[in-house]
Amino acid sequence: MNLRRLLCVAMAMVMVSTAAAFGTPKIGDKAPKVKVAKWMKDTPPALPGEKGSEKNIYIVEFWATWCPPCRKSIPHLAGLHKKYAKDNVVILGISNEEAEEIEAFLKKGTEMPYFVGQDADMATNEVWMDEIKGIPHAFIVNKESQVVWTGNPLDVDGMEGALKALIAGKFDIEAAKNAAANAEKYEELMGQLQQAYGARNEEQVFKLLEQMIAAK
C-alpha cells in the first residue's frame, strides 16, 4: 500500500472516530460558572455548581443565531427538553450576541423551549470554550457538577446515549475519561502522521498507524 493510500485510510479513521473535542473543560473536570447577562424567557432554577444544582443534569450549549449548524441543532435540543425535562434535565443555550439579536431571532417563531441566555461579556465563553474552535458545542454536566460529555450536539447518538446513562445512574465517568484520553492521543498521532507523510517517511508512517490503531 503506498503512502497516499495509507494517509487516506488514516483520514477515514479520523472521520468515523467519535472523539470528543479537547477544549476547556475536559471530561471529569468541575463545570465552570455560567454567567448570563440576560435570560430571554424564563430563568433556570439553578445553574451548575449553585445551590440546588445537585438535583439537575445540565446540557450547556454554545450557539449563535447566524450559525446554520446551530439552527439545525435547535430542534434536537427542543426534543431533548420535551423528553427529559421530567428527569430534571436542564438545557442552557448560551449566545454571546447582543440580547436584541437573540430576541429578534426568537420572535421569528423558532421554538426553543429550554433556557436561552446572553453571555455576560464573554465571561461564560472564556471559561467553557477557550480551546473549542467552532459552534454549536455542548457539554453535559452531572449532578455532582462534573463535565461528563463534550462535543457537537448534532452527535445525536453520542449525546443522548450519555444523557440516558446518567439518568439511569449507569454512566461510567472513568471509562469516559479514558476514552477521551485515547481520542486525544489519536488526534496527536494524526498530526504526526501528516508530518511523516509530508516528509515521505514511510517507516514512520507505518509506525504511527500502528500506534493509532492501538489508541482506538
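Select E160 first: with a relative accessibility of 14%, this residue counts as buried (buried means under 20% relative accessible area, exposed over 50%, and partly exposed in between, with a 1.4 Å probe and protein chains only). The model is a predicted one, in which local features need pLDDT of at least 70 and side-chain atom pairs count only at pLDDT 80 or more, whereas totals for chains, interfaces and linings use all residues. Residues are numbered from 1 along each chain as its sequence is written, and side-chain values use heavy atoms, with hydrogens and water left out.

K83 belongs to helix 2 (residues 68–84) and E160 to helix 5 (residues 156–167), so the contact ties together parts that are 77 residues apart in sequence. Helices (H or I, at least four residues) and strands (E, at least two) are DSSP runs, numbered from the N terminus.

A search of the whole structure finds 5 salt bridges. For another of these, select K86 and D87, whose closest N and O atoms are 3.6 Å apart. K86 is exposed, with a relative accessible area of 68%, while D87 counts as partly exposed at 26%.

Which residues are linked into a cluster by ring pairs? Select F62, W128 and F139 to display it. The whole structure holds 4 aromatic pairs (rings of Phe, Tyr and Trp, the last by its six-membered ring, pair if their centres lie within 6.5 Å; planes under 30 degrees apart count as stacked, over 60 as edge-to-face and the rest as tilted). The ring centres of F62 and F139 are 6.2 Å apart and the planes stand at 90°, so this pair is edge-to-face. F62 lies in strand 2 (residues 57–62) and F139 in strand 5 (residues 137–141), so the pair ties together parts 77 residues apart in sequence. Both F62 and F139 are buried.

W128 and F139 have ring centres 5.0 Å apart and planes at 65°, so they too are edge-to-face. This pair links W128 in helix 4 (residues 123–128) with F139 in strand 5, 11 residues apart. W128 counts as buried at 0% relative accessibility.

From W128, continue to E131, in the loop between helix 4 and strand 5. E131 is partly exposed, with a relative accessible area of 43%.

Finally, colour the whole chain by secondary structure. The protein has 7 helices and 6 strands, and its elements run α-β-β-α-β-α-β-α-β-β-α-α-α from the N terminus on. Of its 216 residues, 46% count as buried.

Technical notes:
Salt bridge = Lys/Arg side-chain N within 4 Å of Asp/Glu carboxyl O.
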